[in-house]
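Please look through the structure shown here together with its sequence. The paragraphs that follow go through it one topic at a time.

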Amino acid sequence: MPGAPFDRFVRFPELTEILERFAASHPELVEITSIGKSHEGRDIWLCTVTNAATGPHDEKPAIWVDANIHATELTGSAAALHLVQRLLDGYGTDDAVTRAVDTRTFYVVPRLSPDGAELALAERPRYVRSSARPWPRTDQQDGLVAEDLDGDGRILTMRVRDDNGSWKASVADHRLMVPREPDEDGPGPYYRLLQEGQIQNYDGVTITPAPALHGLDMNRNYPMEWRPPGDQRGGQTGAGPYPTSEPEIRSVVQAIVDRPNICHFIQYHTFSGVHLRPYGTASDDALPTFDLRVYKKIGDKGTELTGYPNVSVFSDFRYDPKDVITGVADDWAYDHLGIFAWTTEFWSPQRAAGIADMSFIGWYLDHPVDDDLKMLAYSDEQLGGEGFVDWYPFEHPQLGPVELGGWNVAYWIRNPPPHLLEAEIAPHAEWAIWQALVTPRLRVRSADAEQVGGDAWRVRLVVENTGWLPTNVTQKALERNAVRPVEMEIALSDDAVAGGAEVVGGDLRREVGQLAGRVLKSSMFGGFGTVSESTSDRAKADWVVRAPAGTVAALVARHPRAGTVRATVTLGDA
């Protein structure tokens, strides 16, 4: 069966067909379920990948990946599909992939905003932030409404001659518009730049951008520090009427909470070419020291594998230096659930054009004209001129003669050009696989029975955490009481109990705490030159059983994040 295409973006029916093909071709590895419906009734598909023959998905440590919460950020969907494709293609031939699929679970939601993505991919596209649900009003307000006026599948920029306009053509390249100098008052020509579209209730004089009809930003709708519009801190644009008000977010939050085996979370966005970690609302000082150190280790591995830097949202990715971003997915997953959570912003058009050492957000407010010229050159030389559309005349129904052109944002700013898509997303599957493989994982170290007199036996189960991370995953999980300890349990068969066998010493089920991992062990100098490692990665449970030789005791150890392991002991079996 053919795999997913990675040289274009797919619409919802094809996305569904691809997922169904994955499940049909690898039924032992893939299960497709719907975790809910979007505002317009489309399924929010969850692709669960694990080897069912080695155990059920919910008895293995897991990683969660979701994508395309923002409608136009279609690269995320492609990357999520690529991760699934990589797991299926590599299973049985690639050691890391095979180990990951045999021993861990991948939960992948390729498209969290299917309604908005359909608008973005339409023949005459409409660009919304997230959902197709009108909010905060159901009627379009007056002003300039973005629209593909000439039906070419692009929403570009309108260049309108205006003696009081703020823009003029660059002397370095006539296509590029640059701001007038502060004291400039010459003959021009000057221009006003507007987004391609029509003006609702135009009075012939004033033009203002219309408030977005679809004003929701679903990555402000999570429960972590959610802010309503207009609160005393200035509100959070697009946050919705209350946390998880949107069916898409309510569905994904419930799905994650229902899967306590999740240890890692990644949400795929565009753009900037960076891995972002919490918090959006506070500096690194707010993280427990252990978590911050581990975050940096995980981030450095992401940088090594993908080339993307890893940074704090609060320190390096704020839209306003005097405000913070609230109600976001990664903050919620980390702070409420205590799992390591990341936002990956795919693709940097600036970096592709050779612009280095730029501020992720500040660049859009102010940067040298030379940077624009580099991007123009990249468009001309590497994209066949598709990145910037030279100005061409258009008769606007309200404004008369205008010109359309400018940066082709949908083609290569928000997402990489189609021919560069696969190369951009491929390394990120390796980071997800690596994160899955460093999760905690229980293993039986020993299980035995020793006769202590007559028909009395001491039964012992010893388990260990073979993972890099501790069973609790984060210190935040302990602070939030978000994760249960390892439980160890003994059971005798009904027939044995009916024959008089019983456990006479020790609770049938007992909690033995959290188990350490191998994390942050980097040098023998870590203990100032002295290393004396404890066995805090192990736990044991003893029971006294009164039963005849030959009785079988079933032993189980389980942890929500480290999996479930089982062993049987036959009394008197040497």
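How many disulfides does the count come to? A disulfide is taken as a pair of cysteine sulfur atoms within 2.5 Å, and by this rule the count comes to zero. Cysteine 47 is in no disulfide, and the nearest cysteine sulfur, that of cysteine 263, is 19 Å away. Seen from cysteine 263, the closest cysteine sulfur is the one in cysteine 47, and 19 Å is too far for a bond. Cysteine 47 is buried, with a relative accessible area of 0%, and cysteine 263 counts as buried at 0% relative accessibility. Buried means under 20% relative accessible area, exposed means over 50%, and partly exposed is in between, with a 1.4 Å probe and protein chains only.

This is a predicted model, in which local features need pLDDT of at least 70 and side-chain atom pairs count only at pLDDT 80 or more, while totals for chains, interfaces and linings use all residues. Residues are numbered from 1 along each chain as its sequence is written, and side-chain values use heavy atoms, with hydrogens and water left out.

Next comes the nonpolar interior. A nonpolar core is a set of buried Ala, Val, Leu, Ile, Met, Phe, Trp, Tyr and Cys residues joined through side-chain atoms within 4.5 Å. The largest such core has 93 residues, and those with the most contacts inside it are Phe22, Val49, Trp64, Leu81, Phe106, Tyr222 and Tyr268. Apart from it lies another core, of 24 residues, with Ala496, Leu515, Ala562 and Val565 among them. Contact means heavy atoms within 4.5 Å. Leaving aside neighbours within four places in sequence, tyrosine 268 is in contact with residues including Val65, Asp66, Gly76, Thr344, Phe346 and His428.

Rings of Phe, Tyr and Trp (its six-membered ring) pair if their centres lie within 6.5 Å; planes under 30 degrees apart count as stacked, over 60 as edge-to-face and the rest as tilted. The structure holds 18 aromatic pairs. In one of them, the rings of tryptophan 64 and tyrosine 107 have centres 6.2 Å apart and planes at 45°, so this pair is tilted. Tryptophan 64 is in strand β3 (residues 62–67) and tyrosine 107 in strand β4 (residues 105–109), so the pair links distant parts of the chain, 43 residues apart. Both tryptophan 64 and tyrosine 107 are buried. Here helices (H or I, at least four residues) and strands (E, at least two) are DSSP runs, numbered from the N terminus.

The rings of phenylalanine 271 and tyrosine 364 have centres 6.0 Å apart and planes at 85°, so that pair is edge-to-face. Phenylalanine 271 lies in the loop between β11 (262–270) and β12, and tyrosine 364 in the loop between α9 (349–352) and α10 (369–382), so the pair ties together parts that are 93 residues apart in sequence. Tyrosine 364 is partly exposed, at a relative accessible area of 39%. One aromatic cluster is formed by Tyr279, Tyr295, Tyr334, Phe340, Trp342 and Trp431.

Tyrosine 279 is placed in the loop between β12 (274–277) and α6 (289–306). The peptide bond from tryptophan 135 to proline 136 is also cis, with omega near 10°, and proline 136 is found in the loop between α4 (114–120) and β5 (143–146).

Some residues other than glycine have a positive phi. For threonine 244, phi is near 60°; this residue is in the loop between β10 (197–200) and α5 (247–257) and counts as buried at 16% relative accessibility. Valine 473 has a positive phi of about 75°. The loop that holds valine 473 runs between β18 (456–465) and α13 (475–479), and valine 473 is buried, with a relative accessible area of 0%.

Lastly, two arginines lie over rings. A charge sits over a ring if NZ of Lys or CZ of Arg is within 6 Å of the ring centre and within 35 degrees of the ring normal. The charged end of arginine 318 sits over the ring of phenylalanine 314, 3.9 Å from its centre, and arginine 414 lies over the face of tyrosine 127, at 4.8 Å from the ring centre.
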